[in-house]
Amino acid sequence: MKKWSVFWVLAVFALASLASAQQNLVRVNLQLKWFPQAQFAGYFVAKERGFFRAQGLDVTLLPAGDQSPIQVVQSGAADFGTTWIADLLTARERGIPVVHIAQMFQRSGFTLVALKSSNIRNLCTDMRGKSVGVWPSGNEYPAVALFRKCNLTSSLDPRATNPDVTAVTYPFDPSLVFPDKVQLVAAMTYNEVNQIAGLGYDETKVDVFRLADEGINLLEDLIFTTERVLNDRNFKGSGLTGRQVAARLIRASIQGWNWAVANQAETVEKYVLPVCGNTCKGSGTRADARDHQTWQMAEIAKLYNAGATTRGWAGFLVPADFQASVRLLREQGILTRDPPRQTVDYGPWEAAMGRRAADYR
Amino acid sequence: MMQSDTPHIQTPQSNPKASPIVSAQNLSMVFQTGTVALKDANLEIAQGEFISLIGPSGCGKTTLLRLLADLIKPTAGTIQIGGKNPEEARKSRAYGYIFQAPTLMEWRTVFANVMLPLEVMNFPQAERKARAEKMLALVGLEKFAKNYPWQLSGGMQQRVSIARALAFDPQLLFMDEPFGALDEITRENLNLELLRLWRETGKTIIFVTHSIPEAVFLSTRIVVMTPRPGKIETVIPVNLPQPRTFDTRETAEFFSIATDVREALRKGHGYEVTE
Amino acid sequence: MIKSQPTSPAFQKALLGWGMVVVGFAVLLWFIAGWWNQSEQATDAQKLLIGAGFLLTVLGTARVANLFVNTTHPVVGFTPAALTLLLVVVTAEALLRAYQVPPGLIPTPSRVVATLFEVRDVLLRDAFQTVVLQALVGYLIGSSLGVGVALLVSRFVFLERGLLPYATVFSSIPIVALAPVLVKMVGIDWQSKAVIVAITVFFPVVINTFRGLTEVSPLSLDLMRSYAAGELQQYRWLRLPNALPFVFNALKLGTTLAMIGAIVGEFFGANGQGLGFRIQIEAGRFGFDIVWSAIIVASVIGIAWYNLVAWLERRLTGWHVSYRE
């Protein structure tokens, strides 16, 4: 009994001292869109190199779980999240009060891959009657937009009794469906394209259709939160407002991304490989985790270092790009009305970067 | 129902020497545990006899019955059932066996239960029904043909099991304490009914009991068995007149035979006999 | 229902109960009608009114339920349960409207019903794939294999020692652990889900059937022996009928397992249709009206299936102890 009470007293002291060491840091959960990999390099760098801490934040990076990032953030299990624009806008239209606060990737990396031997030359004309492999949970929207643009119904549409295109859902691994079950498979430039090459179908055997080239240029990785967080006057009792926390998170994240893109080899070695575990290995010629992540880092850098970023406006959601995404989703009937103005909030980004959105030219 | 006015068809044979239907010589049974359940039993039973095996628990009476029925094999000795060895006798369906519990199939109606042996033995369809109806009438349960066993009392269930054993008309009935679990009044009524069946059908019955009055009332001969090791102590003839009635139990002869049985049991240290 | 004179206390009680139910529902429905096209939250007073309507109906339903305590008619006796369901649905509708809960979180029951009607064709096609191809095919394969294996195991003791322990272990493997592996092995088409279902149904059927075949009274076995019944006859007349109630227990459990297996299996890869596929896709898109519609379809089919098996069970094992009154 006595021994135990001594132990408990010590344990309470240890916890108390831990707490005091961190008491100045605001605890923040950031929900990533997928499992740890170079796609999120900027956040890993910001965390490990102390950029978040320098902003007074103690950030926990949550890997993807069963739910979409929107659901996690909406439920309050995470304060911020990263996701794609179509996911965000459809959730908003369904009444989920999520808010876009920073646009990290300026280009889309979504592609559909087909075997050259399947004779698909033009997506719109050759897709009818084919099967297309996509990921569920809001990741299917670019493909849906393409189907709609080509005037094709798909099995993703609960109102289509006789769909022109069969959309097949598959988890993670394209080898589950490609090329046996589907003629086309969704693939990100920075990940699955390489996995498919690893299956023995490299660039000489497959056609990679970038959806951006087909007019489906939907913005991808962005940072969002909820109106509840933004309007919080005292975020988790820290004394900071939700907007201040958001601004600090954006500032540190952009610092992290800039550093990661400038120091790719070191980023992969020190900050990606230690956290990405089993999910980050590739296949084929780049089967090794280091090779795959190095290649992915380079591909990701292309998506980050584009558009506004190259003009010194990293993390900025270019209004014209946003309008283009909205217009596309409305034209394809994925959105039935324009999103409300509160859907995008430039305030945190402006506070973080010391710029005014209206000054963008 | 209980008491039949018809005179008994057949005078029971009390002379076992004349062509025995059951004959056991030097029968011994030692279980794997080392228990000597039966030692050197010799017994001859004539056609039409009603034999009771009586004795306390562990005297080997049920073992003897199971040996005769070929439900278990003896470790020594020989058995003849109607001139055949027990296995042949069993396979030629020479006997009906009635257990302590009615052992009815709960998924079958009373009628279907009586038909069970006939189905197993592949009797012609029409004959099955005719026989089952007749047997149910014999035990007075024709009104319950469509009931399920659980809807019947314990005594009625045991009557169904007797009808079932009689259905395929075996010459020999083995009854292993069939009324042991029933109350005294039900048991006495069933005893009377059993005697009537025995007279009407002319079967040979071997009946295990641990009740002295029951044994005296039913039997033509009583085989007294004693335990440790299980053996046949003596065989007592019962020369009470047939047909026997409730009044038979009140006669001096009845008490005298019961006393003989009790003495024999005591002689073999079978004190714990219950009545 | 209690037959009584108009002036008797029992009649007055009944009248009061029904009156409370009617008034309570009227209040709730009146609010819903008034708030049909509103997009603001209701006032506190209105929310209070919903609470009052709910409370009134609850108390009324409790009184009404008392009137049905001695009812034996299967449909009439269901009245209190039906009232409860109606109350829950109507109250949910009123509250969701009063608080303006976004449909991307919880759709109103009326919206779910409208959606169910609108997308019925696709849901029926989904149900065909999930229920008929995956659940039913897997169920039939799993249960017939299960009965077959149980027959073998009960006949050959070495199988019982060598095989049965594994059945117990395997039957406790959770479906979510099994599904991704099987989808990867067999592919994303309906066959992989049928295999998942077959496996999950198989083990309980084996274990239960085996118990039914072997938990036979020793006296019954002696009886069959006294009839000189062979092995086959012993099975036909004794072991199989004895096993029937056990088999049906497993078959009833199996309907639930089959529906779960078929739906969950689709979460790990689907060929573009199926109730699980629809639920997964629409949950990811916040289309919860469709998700709930799919859940309703799955539940109705699941309940009907279970009851069909239960009905068969009553027909075939009506003698069993569980049906005695």
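**View 1. H5(C) and H11(C) are oblique to each other, because their axes cross at roughly 125°.** The model is predicted: local features need pLDDT of at least 70, side-chain atom pairs count only at pLDDT 80 or more, and totals for chains, interfaces and linings use all residues. Residues are numbered from 1 along each chain as its sequence is written, with chains lettered from A and ligands numbered from 1 in written order. The axes of H5 (residues 120-155) and H11 (residues 275-284) of chain C come within 7 Å. Axes are lines fitted to C-alpha atoms, for helices over the stretch in contact; angles run from 0 to 180 degrees between N-to-C directions. Helices are DSSP runs (H or I, at least four residues), numbered from the N terminus. H5(C) contributes C:Asp126, C:Ala127 and C:Thr130 to the contact; H11(C) contributes C:Leu275, C:Gly276 and C:Arg278.

**View 2. Chain C touches chain B through 15 residues, against 19 residues of chain B.** Contact means C-beta atoms, placed from the backbone, within 7 Å. On the chain C side, H9 (218-226) and H10 (231-266) each give two or more residues. H9(C) supplies the largest share, six residues.

Key:
Parallel < 35°, antiparallel > 145°, perpendicular 65-115°, else oblique. Contact = placed C-beta atoms within 7 Å.
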